[in-house]
Amino acid sequence: MKRSFAHRALAGLAFTLLALVGCKKPAGDTAADAAASTPITPSLIPAPAELQTSDGSFAISAKTRLFASGEAATRVAQQFAAYLQSAGAPALATTQEDGKGVIRFVLEPANTAPSNPEAYTLDVTPDGVTVKAQDERGLFYGAVTLWQLITQGDKGRVTLPALHINDAPRFGWRGFMLDPARHFQQVDDVKKIIDAMALHKLNTLHWHLTDDQGWRIEIKQYPKLTEIGGCRIPAGDGGKDPKTGEPRPYCGFYTQDQIRDVVKYAAERHITVVPEINVPGHATAAISAYPELGSIDTPLVPSNEWGVFPNLVNVEEGTITFLENVLGEVVTLFPGTYVHVGGDEAVKDQWEASAREQARMRQVGAKTEMDLQGYLVERLEKYLSTHGKRLIGWDEILEAKLPPEATVMSWRGIEGGLQAARQGHDVVMSPSNKTYLDYLQTASPNEPPGRPALITLQDVYGFEPVPEELEASQRHHILGIQANLWTEHTRTFARLQHNAFPRLAAVAETGWTPAAKKDFASFTARLPTQLKRYDAIGLGYAKTPFEPLIATEDDRKAGTAKVTLSNPLDYPVHYTTDGSEPTQASPTFATPLDVKLPATVRAAAFADGRALAPASTFELTPAAMLTRTDEAMGVCPDAGRLLLRLEDDGPLEGERAIFNATIFYPCWQWNQADLDGIASIKVRAGRIPYYFQLAHDEPARTFEPAKSPLGELEILGGGCKGHTLATVALPAAPNADGFLDLEAALPAGTTGKQDLCVRFTGDTRPQMWVLDRITLQPR
């Protein structure tokens, strides 16, 4: 269903957006010319290890030439020129003559291997620019730094200050995980992410190619993996052809030729691609294709649900041979050192109940089911090592004996990383509470679907990959940092970019910049320039961290409201109350505003003299003060703890409604709702499929038992454990538009401010009612 957003003019929080029309200065503008003659202030992300400016400057224009000697340096020069053009800068031609006024790319011969092959120096003098390194990787990163310097100025001409940069990364693993198993990314989109990674000096793409919902890599020996495992039927209306009602599968996989193409494209940008083939859990798609791999006899299909599934591959010799054959094809496609084998969230119920697996445990000497998983990991590690590869897995692989050569990716906090490093294993830090980019980044109702537990830009930037408590002798085992972007709720590439950027810039700075040089205030001061670069190359990014938020306290009797404006990153917010577009000259919000209703407040966050996102318009009316949307409602205390921001199942194409809902105990709470003079409450609800697998957390899912065949809407005063104010029977289905409007009369004499709870009774499977908005209706 599609939800009209007109009602979001205020819902306790109002976030109607108007487009901000930008203006370009005419060619030859004297102010622009004057600005071009003034050297820029370097604004680089990630911040370099050392940067010193000096007197003098060098102007770069379309006449500037590039000089490079040798094949590798020429490659870097050509990449630099291409990246400049992609950002709208002039095309710079190469020259065979070194001399005054050129940009030089120099690979210095080294008598020994460079201490850090990604290191470089960059010098700007009045006579020209020199980028120098001992390895092509370092030269490339020096070129990226120069690209950043040039793209922060005028597109036609920029003057660089004389400077010297001596730079190298802090960590050797600076990674990003992409998940096409849940929602598929086309090859061109993967390449766009690779380019964005390169321009942030990230060097590792972890490609999560298999899961319960899809197998995304062609394996020649086992074609059913993609023929069957590569397709699923989405839940609800999203899996039906709207014209015929027939099932419409969601499919996608990468051919081996496409994978070679992506790996080559990444390698040209000095990014290593690490493939992941997840076992023994997250294997539903594989078992669907080849049932003999499973631990049960029940036929399976690739799942259209999210969560933790019980389906594990068995550990019999035939399955190990299958996995070795799969990995045999994988290692020929990915020349990097590492192959990821997953190992996470492998619920052992099926192995515990399987006589065959219990016999297999005895055969291989495994005392527990976790030992059996450890046996599988050990076999795969030995196979990979014979092909010159190293095994890496999620931190659950530590729960059994682990081969010393195995590397651990710590996702359940940092504890797994600490344990692994102390045991002598290399570690990549990727904790879910700091580096998972499918979590929402602000409290704005404009956020796309995801997990509403916030991981803000500040949270990501503040993460330190080397724990203080780790002994100095073991700190060399921390290879680096990685951000992961799971795509259960990321249906489109636009949303993927929104989730990744600018938070991935914070990950990049943590991975590259010395810890002592990191400073969040400096980072946010440099970030507006980075946004200009994103705009120039057409990279999507989240606008929500740069939008204003509004909070209101209304006095319904007086017809007034107290308004507080803020920005998630504390950029100054400028506002107007006369309906005009806010500018840098508009008042800066400092203290709460007292406004008479109705009122229109328009606001935008500013930096460097420009609005960082389109201005937001907040229409404050007496009627709007009586409405709260699901985003503005609280969660019932001690009840529905697993809050998700969920998208509706239809329509098949186009915009879908989005709901905040707690799947363990569906409830919504309007804290301290003023019920004076209120006769009834109108609730607008939608209904979506319940598409979650909770494994051992399933008993935590609770709901109020239905008192009638189809359940009820219940409204309680005093919170979700309070007294019932009203009950309305639910129908069998919503209206044709996918929504349902219910009105509940309040008992006579209901007054005062109360925590108002809204909930729906009855089992949430297979479909659950969700709140769209609630409106207090006066007498």
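Modeller: Buried means under 20% relative accessible area, exposed over 50%, and partly exposed in between (1.4 Å probe, protein chains only). This is a predicted model, where local features need pLDDT of at least 70, side-chain atom pairs count only at pLDDT 80 or more, and totals for chains, interfaces and linings use all residues. Residues are numbered from 1 along each chain as its sequence is written, and side-chain values use heavy atoms, without hydrogens and water.

Colleague: Is Cys 636 buried or exposed?

Modeller: Cys 636 forms a disulfide (sulfur atoms within 2.5 Å) with Cys 720. The relative accessible area of Cys 636 is 0%. Cys 636 is therefore buried.

Colleague: How many residues apart are Cys 636 and Cys 720?

Modeller: Their sulfur atoms lie 1.9 Å apart. Cys 636 sits in the loop between β29 and β30, and Cys 720 in the loop between β35 and β36. Strands are DSSP runs of E, at least two residues, and helices of H or I, at least four.

Colleague: Which cysteine does a disulfide join to Cys 231?

Modeller: Cys 231 lies in strand β13, and its partner in strand β14. The S to S distance is 2.0 Å, and the partner is Cys 251.

Colleague: At what angle do α2 and α3 pack?

Modeller: Helix α2 covers residues 71–86 and helix α3 residues 136–151. They are roughly parallel (angle under 35 degrees). Their axes are 10 Å apart, at an angle of about 25°.

Notes. Axes fitted to C-alpha atoms, helices over the stretch in contact; angles between N-to-C directions. Parallel < 35°, antiparallel > 145°, perpendicular 65-115°, else oblique.
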